[in-house]
Amino acid sequence: MNIILLGPPGAGKGTQARHLVETRGMVQLSTGDMLREAKDSGTDMGNRVAEVMARGDLVTDEIVIGLIREKLHGDTGAGIIFDGFPRTLKQATALKELMDEEGKSLDAVIELRVRDEVLVERIAGRSTCGNCGEVYHDVTKPQPADGKCERCGAADFRRRADDNEESLRNRLMEYYKKTSPLLGYYYAHDLLKRVDGLAEIKVVQASIEAILDA
Ligand code: AP5
């Protein structure tokens, strides 16, 4: 199965994608993670996108489509979870063309619905393991008391440079202007499913599993 997780920053896309990787052997393709890797490795492209990401603007369609194109050739396991891609109509049409070329198709686009006030709380409290990427939250999923990641045991918790109020405001604006039109696009293609992203993490997991099993 190949699915898209769609939702504003902090909706829980990464959290849910990681669960599906563990339980179903699916492959997570997160353009945000790919761009952060490029940024950390100091490549030309990484340096170009660093400022754009810190502001909360979208990186150009050409760059992110190029990143996804490379990944679609490889082993895609039990299916792909697109996390944070596509984010514009241009990216959505490019994805369709790339999937057609690879003989693949999309099975569902799952929207995680969350109120804006909750997004601010989620983003403000988020940290991730710098080694394995496990996602934590100061209130809803605190870092273990021994200071080591529950998944890999590393003691390397990080907060993202774009997880601040100003950048989040911009990220939300970009979402409503450029990404939310995809809801109509995928509704028209009969692929859109909606999940209450305000529910507890495990309840959201169960709702997504039910869609995949249907
Ligand atoms: P990206 O990395 O994709 O960030 P984002 O879309 O802003 O989403 P987040 O990673 O912030 O949130 P999430 O929905 O994954 O939430 P999470 O599971 O972590 O993109 C970053 C930047 O890269 C963009 O701004 C842009 O510049 C660039 N970019 C990336 N892709 C691009 C593209 N395609 N085109 C152009 N530019 C692109 O959860 C958040 C917190 O909430 C965590 O602490 C978690 O523990 C907690 N939480 C999760 N679910 C629940 C729940 N159900 N209940 C309570 N707490 C919860």
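I began with the pairing rule, under which two strands pair if DSSP finds at least two bridges between them, and with the elements themselves, which are DSSP runs numbered from the N terminus, helices being H or I of at least four residues and strands E of at least two. In β4, I found V109 as the bridge partner of I4.

Before going further I noted that this is a predicted model, in which local features need pLDDT of at least 70 and side-chain atom pairs count only at pLDDT 80 or more, while totals for chains, interfaces and linings use all residues. I also noted that residues are numbered from 1 along each chain as its sequence is written, and that side-chain values use heavy atoms, with hydrogens and water left out.

**Sheet.** I looked up how β1 (residues 3-6) and β4 (residues 108-113) are joined, and found 4 bridges between these parallel strands. Both belong to an open sheet of 5 strands with parallel pairing, in the order β2-β3-β1-β4-β8. Its edge strands, each pairing on one side only, are β2 (27-30) and β8 (192-196). Neighbouring strands of the sheet are turned by 25 degrees against each other on average, direction ignored; axes here are lines fitted to C-alpha atoms, for helices over the stretch in contact, and angles run from 0 to 180 degrees between N-to-C directions.

For polar contacts (pairs of N or O atoms within 3.5 Å), I recorded a ligand oxygen 3.0 Å from a polar backbone atom of G12. A ligand nitrogen lies 2.8 Å from an N or O atom in the side chain of T31, and a polar side-chain atom of R122 is 3.3 Å from a nitrogen atom of the ligand. I noted that the protein covers 96% of the 1,100 Å² of accessible area that the ligand has on its own, by the Shrake-Rupley method with a 1.4 Å probe.

**Helix pair.** Lastly I checked α7 (residues 165-179) against α8 (residues 181-188), whose axes come within 5 Å and cross at roughly 35 degrees. Their contact (heavy atoms within 4.5 Å) involves Y175, Y176, K177, K178 and T179 of α7 with P181, L182 and L183 of α8.

Technical notes. Polar contact = N/O pair within 3.5 Å; in protein donor to acceptor, adjacent residues only side chain to side chain.
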